[in-house]
Amino acid sequence: MGGTDVTDGWDWRRPAANDSAPTRPPVAGGAPTGGAYGGPTNGAGGAYGGPTGSYPTAGATSPWWSDALADPWRDPAAPTAVVLPAVPVPGTEPEPVADPDAPRRPVLRQVLLIAVVAALLAGTLGGALGYTFAVRGGAGGTVLGAQPQDPPVAAQRKPDSLAGVAARVLPSVVTVRVGGAAGTSEGSGFIASADGHVITNDHVVAGGNGRTTVIFNDGSSAPATLVGQDPESDIAVIKVARTGLRPVEFGDSDALAVGDPVLAIGSPLSLANTVTAGIVSALDRTMRAGEPGGPVRYYAAIQTDAAVNHGNSGGPLVDGAGRVIGVNSTIKSLVSDGQEAGNIGLAFAIPINQAKRITQDIIGTGKARRTVIGAEVPGPGAAPGTGGVRLVTVEPSGPAAGAGLKAGDVILRLAGRPLSEPTDLIALVRKFAPGSVVTVEYRRGSSLDSASVTLAADAK
């Protein structure tokens, strides 16, 4: 080892002859004497030839010499000082230090977090399995229905859609119940003014004993009084004492075209708030209607294929913008007289321009003016002609005479509309307001001519 002996943690060398004392490793509290270091006692000098009291006392410990015997690099021939650890004294042990890399036991928060996550996963799995079993039927795993998609444009109910129009008009439509000797009859109507005027058909209120009730869209009801009626035009006006009413919006029946979409709203067969859809099937369809023994009604009607049945009478016919363009009045049916008729796609409404004018007359004066041309035509039983309507008589001071027409003249067209029966002339004349100027094409003998006629109101 080159004269140097290596010991555990300390470079020890043999003492020279002139050294006053052997060189010793630093000790803490000393070390055992003599043989306690693994060598002979050597008399009074101890194992290292020095005085006995110069070495550490027995029982002391030194970390430098705790494992000297196990040192693989120790010179076997060198003296060795070995310190054996003593039994630790209670209360002097060093404070234990936790190893940060050692695995630690989970705390309560971690345990709760694990439990919550496990519960969520179990719930999600259970819900997914439940949904799967709910939508699947049988062992084949058939899935009912397609995957959800955005609703189509037609199902979004825009304000100008049929559903949007119906929702806007329905609050203004009412059911009219009239008490009579034979019981209670029922029809429809619609609110014409914010102060409570309601338009309906004359045949709805005719024969009543004065007990009239109006039932609104929300199910509430109120008594109504009769303002006035016009049997020949089949228009009546009643009034309710209620505020906050929403009147309908009126359209222009003269601006309609065949094929325009329409809705009929009312209470057919006591089914309140019923909406049916159709189109304008024809315009100026001249009608002659009335019950046996009752007044005869003439009007140039709007024909529609919207379903109309008993109870729709007096309800509104509205256009695609929700404006009232007619008053539903009558239907055609294949049943015999006296039998219950039903819808076959032939319904007729009074044009709103005519109905509105009559309503204003009734509210203002209590009765309606009737538009006339100042001439008489053959009755219903007359033999049909070869086209046009022959004038039987002409009033000397009437509108026809003022335009130069004479008895015997055959009216071929009125305001551009062809005539074939007496009903056509009467119904078309009553469509216009008194004072209107219409063009009349007529035949006198073999010559054709035309004239402008200023219609007038009948002095009734």
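**Exercise 1. Classify Arg-444 by its accessibility, then describe its salt bridge in this predicted model.**

Solution. 
Step 1. The salt-bridge partner of Arg-444 is Asp-409, with 2.8 Å between the closest N and O atoms.
Step 2. This pair links distant parts of the chain: Arg-444 belongs to strand β23 (residues 437-444), while Asp-409 sits in the loop between α5 (399-402) and β21 (410-414), 35 residues apart.
Step 3. Asp-409 counts as buried, since its relative accessibility is 2%.

**Exercise 2. Find the salt bridge between Arg-323 and Asp-319 and decide for each residue whether it is buried, partly exposed or exposed.**

Solution. 
Step 1. The side chains of Asp-319 and Arg-323 meet in a salt bridge, at 3.0 Å from N to O.
Step 2. Asp-319 has a relative accessible area of 8%, so it is buried.
Step 3. Arg-323 has a relative accessible area of 33%, so it is partly exposed.

**Exercise 3. State which parts of the chain the salt bridge of Arg-297 and Asp-202 links.**

Solution. 
Step 1. The closest N and O atoms of Arg-297 and Asp-202 are 3.4 Å apart, and the two residues form a salt bridge.
Step 2. In total, the structure holds twelve salt bridges.

**Exercise 4. Describe the surroundings of Ser-253.**

Solution. 
Step 1. Ser-253 lies in the loop between β10 (235-240) and β11 (261-266).
Step 2. Its relative accessible area is 8%, so Ser-253 is buried.
Step 3. Leaving out residues up to four places away in sequence, Ser-253 touches Ile-302, Ile-325, Pro-351, Ile-352 and Asn-353.
Step 4. A polar atom of the Ser-253 side chain lies 3.2 Å from the backbone nitrogen of Asn-353.

**Exercise 5. Describe the largest cavity and its lining.**

Solution. 
Step 1. A search of the whole structure finds one cavity of 30 Å³ or more.
Step 2. The volume of the largest cavity is about 100 Å³.
Step 3. Twelve residues line this cavity, and Asp-230, Ser-233, Ile-358, Arg-369 and Arg-370 lie nearest its centre.
Step 4. Helix α4 (residues 352-365) gives the most to the lining, with three residues.
Step 5. Sorted by class, the lining has seven charged, three polar and two nonpolar residues.

Terms used: Residues numbered from 1 in each chain as written. Predicted model: local features only at pLDDT ≥ 70, side-chain atom pairs only at ≥ 80, totals over all residues. Heavy atoms only, no water. Helix = DSSP H or I, 4+ residues; strand = E, 2+ residues; numbered from the N terminus. Buried < 20%, exposed > 50% of the residue type's maximum accessible area, 1.4 Å probe, protein only. Polar contact = N/O pair within 3.5 Å; in protein donor to acceptor, adjacent residues only side chain to side chain. Contact = heavy atoms within 4.5 Å. 1 Å grid on protein atoms, 1.4 Å probe; cavity = no way out; pocket = protein on both sides within 12 Å on 5 of 7 lines; lining within 4 Å. Points joined across faces, edges and corners; volume = space filled by probe spheres on them. Nonpolar A, V, L, I, M, F, W, Y, C, P; charged D, E, K, R; others polar. Salt bridge = Lys/Arg side-chain N within 4 Å of Asp/Glu carboxyl O.
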